[in-house]
Each structure stands twice: as C-alpha cells, then as structure tokens.
Amino acid sequence: MVEFLNSNDLISDKQHGFRDGSSTASAIECLFNLVENKLENKEKTVILFLDLSKAFDCVSHKILLKRAEKCGLRGKSQEWLRSYLDNREQFVEMKNSVCTVRSTNRKVKSGVPQGSVSGPLLFTFYVND
C-alpha cells in the first residue's frame, strides 16, 4: 500500500507525519522557511495549531474506504482494507484485588488500529487532503 500511494503521488509532500525521510523536525523547518519567506516579502502570516488528540479514533471507516476507492485502491486491496476495518469490537475491563468488571463488547465504527504498522499510514492517507 505504501508503494502504491508513493508511486502514484497520493500523499502530499507537505505531509510530514509517519513518512520515511520526514519528521517533526522537517515539518518545523518547512514552516520556518514559509514564515521567513512571507516576512521577507512583507506578507501577513497567520498560523493555526490544532491539537488532534484522539485523532486516530476519529477516522471514519466509510470516508476512508471511499477515498481509497477514489484513489484507485480497488478489488483485492479494497477488500483487504474493508476486512481490516470492519467487524472490530472493543470493551473496557477494570480489575482490582477483589473483582474484575468487564463491559459488553461494542462494534468499532471509526478509528484505525493504534499500535499497528498500518494505522499511521491509514491516518496519513485519511488526513492527506
């Protein structure tokens, strides 16, 4: 999937997160250069920083699958992605020295699996535009 996205230029060069050769340092350098150029040209610059806490949990499966199809991920690739996202469940479990309490299972309708190799890639693809 990484090879497909990169060879078809489907991830913006301005996307620094979770990409080989890019990092928070390269993002800061890019921002610094942009602001420096604007100041030299006496242009106004406004910067808005957003905290995307729980961002991986907010990825809509439906939108992600539509974007993937629109970009050319079809057939087996689309089936793999759908099966990777669909039919996931979650629960909460709390333990102490006396007892264990566990919630009922609930279907996960959004989010990409965290701690996985593909989670950051899918998130990057989702926020790319």
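A salt bridge is taken here as a side-chain nitrogen of Lys or Arg within 4 Å of a carboxyl oxygen of Asp or Glu. Before applying that rule, please note that this is a predicted model, in which local features need pLDDT of at least 70 and side-chain atom pairs count only at pLDDT 80 or more, whereas totals for chains, interfaces and linings use all residues. Residues are numbered from 1 along each chain as its sequence is written, and side-chain values use heavy atoms, with hydrogens and water left out.

How many salt bridges does the rule give? The count is two salt bridges. In one of them, Glu43 meets Lys38 at 3.3 Å, N to O. For exposure, I call a residue buried under 20% relative accessible area, exposed over 50%, and partly exposed in between, with a 1.4 Å probe and protein chains only. Glu43 is partly exposed because its relative accessibility is 37%, and Lys38 is likewise partly exposed, at 28%. The side chains of Glu93 and Lys95 also form a salt bridge, at 3.8 Å, N to O. Here Glu93 has a relative accessible area of 39% and is therefore partly exposed, while Lys95, at 62%, is exposed.

Let me turn to the cysteines. A disulfide requires a pair of cysteine sulfur atoms within 2.5 Å, and by this rule there are zero disulfides. Cys30 is partly exposed at 38% relative accessible area, and Cys99 is also partly exposed, at 38%.

Next, the aromatic rings. Rings of Phe, Tyr and Trp (its six-membered ring) pair if their centres lie within 6.5 Å; planes under 30 degrees apart count as stacked, over 60 as edge-to-face and the rest as tilted. The structure contains three aromatic pairs. One of these joins Phe18 and Phe56 edge-to-face, with 5.7 Å centre to centre and 70° between the planes.

Why is the pair of Trp80 and Tyr84 stacked? The ring centres are 5.2 Å apart and the planes meet at 15°, so the pair counts as stacked. Both residues lie in helix 4 (residues 76-85), four residues apart, about one turn of the helix. Trp80 is partly exposed at 40%, and Tyr84 is buried at 17%. Ring pairs also link Phe18, Phe56 and Phe123 into a cluster.

Finally, charges over rings. The criterion is that NZ of Lys or CZ of Arg is within 6 Å of the ring centre and within 35 degrees of the ring normal. Arg67 sits over the face of Tyr126, 4.9 Å from the ring centre. Arg102 sits over the face of Phe91, with 3.5 Å to the ring centre. Thank you; I welcome your questions.

Technical notes
Helix = DSSP H or I, 4+ residues; strand = E, 2+ residues; numbered from the N terminus.
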